Amino acid sequence: MKIYRNFFVAICLLSVFSFAIYSQDLTQKLINRANQTTPMMSDLEELCDTIGGRPTGSPACNRAVAWGVAKFKSIGVDSVTAESFDVPNLWLPESAEAIVISPEKFSIQIVSSPYSPSTANKGFITAKLVNAGEGSEEDFAKLGASARGAIALVKSNEMKTLDDLFGEYFRNQPLMAAAKKAGVAALLLQSTRPRGLLYRHPVTMGEAFAPMPIATVSREHGARLARLLETNKKVTLSLKIANKTGGVYQSQNVVAEIRGSEKPDEIILIGAHLDSWDLGTGANDNGVNVALVIDAARAIKSLGIKPKRTIRFVLFTGEEQGMWGSAGYVKTHAKELEKHVATAIFDIGSGKITGFFLNGREDLRSPTETILSSVGKFENPLDGIDGTDNFDFLLSGVPNLVANQDAIPYLPDYHAASDVFEMVDQKEAQRNAMIASVLVWGLAQTPMLPIKRQTRSEVEKLLVDTKLDEQMKAFNQWTQWTSGKRGVNR
Ligand SMILES: [Zn+2]
């Protein structure tokens, strides 16, 4: 009997041991892909160069959705669909021109800001230029009656860090309110980036249009205008901004799936946004991470074995307009959210992944760190992120991760004409794709999950603890939460 029991234990241990070896082998297979040639970069090149810039609502964005569907089909996933959702307002750029009339005639480089209205009848307005300093309420108050009907120039500091970039967004609401109160006809915001670089700087999150036409003016041309105002006192400018605008419309997310073998109703979601702004070709923001999500599907298919949980690969659109694609996904899949075990979002270009934001969920740390231990050491901050597609999952109580990445090369070309294929760090991007595949495979296999989905009061506490409530107020999102329009309702 004793012998028999020992034999039984030995067999059991052997099978546990061989399973551990087997699962290590699978992870190692994913890790090895970082040094192999994969189709990831040719996918990205195709998306950037053939389709190019793809703002949501544009024909290019619709072509990108069809491209994404075809990619997943070619990989042989179990299913792929294009799911529709609502975007509250259409905004697409047409043209923007600025010409100084006096003291001398010359052109000024500008681009219109997303969710800026057009100038009247999409024609020229001619008005005097005033210097509104940094655009604070006091700056506009100082201008007094002279601001009424004028085009106001607003100075910006040079952007060097992600915090500076967030600062530019935080400024929007108070700046537009002060400008409206002062009665200005239009705003010219100085570019935060030198050497003539222009970029799309959205001034609302798409739920409303700006109260006046707004454009970004090149840093050097803005500085020249400011100097002219100082010395000449009187500068007259003609400005024409034409945008295509409209009300609510539908866009689509690409949703692909590899179904789980043991717990098919439990879902791990990996996502990145497919839409981009139009001046560049959306390479670091966020084509490279679209290619990463597609490559993660390819990597997991290459294992030749099904994950235990279902893995959903999602390419969102409507992100740049206010994360409307992920908001729409959460609405469409409301009944399934209970079974969304974890989500992981990638949206900081091709910089090295240094860890994952836990978005206020300390209980996600241990499973995440255990899974990633096979790849290396990562720092996983508890911070909450508002500004990419994890956000509606966070508001819905679903455990969510956002890859934290080195800000270079993402930041200098953010939303700019220079966000193009050749600026992508290919080596790091391919390593990031490996990390993503190990993470998502691990999340689908681990017995350390699921962890709890949060209730509304728990989410509210998380928002306050992580100070996300302050950011939501600055981004005009807070009332969407308090009114129950966005987020968990139980
Ligand atoms: Zn992005």
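Helix α2 covers residues 40-51, which is 12 residues, and it reaches 16 Å from its first C-alpha to its last, close to the 16 Å expected at 1.5 Å a residue. The expected span here is 1.5 Å times one less than the number of residues in the helix. Helices (H or I, at least four residues) and strands (E, at least two) are DSSP runs, numbered from the N terminus.

Before I go on, where the numbers come from. This is a predicted model, in which local features need pLDDT of at least 70 and side-chain atom pairs count only at pLDDT 80 or more, while totals for chains, interfaces and linings use all residues. Residues are numbered from 1 along each chain as its sequence is written, and side-chain values use heavy atoms, with hydrogens and water left out.

Back to α2. Which of its residues are buried? They are M40, M41, D43, L44, L47, C48 and I51. These residues cover an arc of only 160° around the axis, so they sit on the same side of α2. The arc is taken from the directions that run from the helix axis to the C-beta atoms. D49 and T50, on the other side of α2, are exposed. For these words, buried is under 20% relative accessible area, exposed is over 50%, and partly exposed is in between, with a 1.4 Å probe and protein chains only.

S58 counts as buried because its relative accessibility is 8%. S58 and R490 are 432 residues apart in sequence, and their C-alpha atoms are 37 Å apart in space.

Next, the largest pocket. Rolling a probe the size of a water molecule over the atoms shows where empty space is left. A pocket is found on a 1 Å grid over the protein atoms alone: it is an open set of points with protein on both sides within 12 Å along at least five of seven lines, and lining residues have an atom within 4 Å of a point. The volume of the largest pocket is about 670 Å³; a volume is the space filled by probe spheres set on the points, which are joined across faces, edges and corners.

How many residues line the largest pocket? There are 30, and L162, F166, I385, D386 and G387 lie nearest its centre. Helix α5 (162-170) and strand β15 (400-405) each supply at least two of the lining residues, and α5 gives the most, with 6.

Now the backbone. Most residues other than glycine have a negative phi, and most peptide bonds are trans. The peptide bond from S102 to P103 is cis, with omega near 15°, and P103 is in the loop between β2 (90-102) and β3 (106-108). The bond from I408 to P409 is also cis, with omega near 10°. P409 is placed in the loop between β15 and α12 (426-445).

Two residues have a positive phi without being glycine. K122 has phi near 55° and is found in the loop between β4 (110-112) and β5 (125-131). N359 has phi of about 50° and lies in the loop between β14 (353-357) and α10 (365-372). Is each one buried or partly exposed? K122 is partly exposed, at 36% relative accessible area, whereas N359 is buried, at 0%.

Technical notes: On a 1 Å grid over the protein atoms alone, a cavity is a set of points where a 1.4 Å probe fits but cannot get out, and a pocket is an open set with protein on both sides within 12 Å along at least five of seven lines; lining residues have an atom within 4 Å of a point.
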